[in-house]
Amino acid sequence: NEAFLLSLTETKLGKYSEAINVIEVKFGKNPKRENLKFALGLAYYKMGDWQKANFYFKQSKNPAISDKDFMKFIENF
């Protein structure tokens with residue numbers, strides 16, 4: 001999905017508000033797709049808003065992945 005990739009790119013560039021807007025403008029504040037929820041969570045996490053990040057991460061995290069491995073991936077992004 002174009003919005004997902006663009007959001008991740010914006011997050012990687014430190015443009016967190018833009019990363020969030022890419023998704024929220026087209027899909028709303030709570031999109032149905034898990035990858036978009038993940039992208040929102042990542043942007044909020046990088047902004048330092050753990051409460052909002054956690055809201056999206058809980059909905060998008062694969063239960064087969066340990067919390068430790070998930071956070072390790074997030075921190076290394």
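The model is a predicted one, in which local features need pLDDT of at least 70 and side-chain atom pairs count only at pLDDT 80 or more, while totals for chains, interfaces and linings use all residues. Residues are numbered from 1 along each chain as its sequence is written, and side-chain values use heavy atoms, with hydrogens and water left out.

**First stop: α1 and α2**

Select residues 2-12 for helix α1 and residues 16-27 for helix α2, whose axes come within 7 Å and cross at roughly 160°. Helices here are DSSP runs of H or I with at least four residues, and strands are runs of E with at least two, numbered from the N terminus; axes are lines fitted to C-alpha atoms, for helices over the stretch in contact, and angles run from 0 to 180 degrees between N-to-C directions. That crossing makes α1 roughly antiparallel to α2, on a scale where angles under 35 degrees count as roughly parallel, over 145 as roughly antiparallel, 65 to 115 as roughly perpendicular and the rest as oblique. The crossing of α1 past α2 is left-handed, a term used if the near helix is turned anticlockwise from the far one by less than a right angle, with right-handed used if clockwise.

To show the contact (heavy atoms within 4.5 Å), display A3, L6, S7, E10 and T11 of α1 together with Y16, E18, A19, V22, I23 and F27 of α2. These residues divide into seven nonpolar, two polar and two charged, where Ala, Val, Leu, Ile, Met, Phe, Trp, Tyr, Cys and Pro count as nonpolar, Asp, Glu, Lys and Arg as charged, and the others, Gly among them, as polar.

**Second stop: S7**

Now centre on S7, which is found in helix α1 and counts as buried because its relative accessibility is 0%; buried means under 20% relative accessible area, exposed over 50% and partly exposed in between, with a 1.4 Å probe and protein chains only. Leaving aside residues up to four places away in sequence, S7 touches A19, V22, I23 and A39.

Select residues 34-47 next: helix α3 has 14 residues and reaches 20 Å from its first C-alpha to its last, close to the 20 Å expected at 1.5 Å a residue, the expected span being 1.5 Å times one less than the number of residues. Its buried residues are L36, K37, F38, A39, L40, G41, L42, A43 and Y44, and what covers them includes α1, α2, α4 (50-60) and α5 (67-76).

With α1 shown again, the axes of α1 and α3 come within 10 Å and cross at roughly 10°, and the two helices are therefore roughly parallel to each other. The contact joins F4, S7, L8 and T11 of α1 to N35, L36, F38, A39, L42, A43 and K46 of α3.

Just after α3, G48 takes a positive phi of about 95°. D49 lies in the loop between α3 and α4 and is partly exposed, with a relative accessible area of 26%. Finally, draw a C-alpha to C-alpha distance from D49 to E75: these residues are 26 apart in sequence and 14 Å apart in space.
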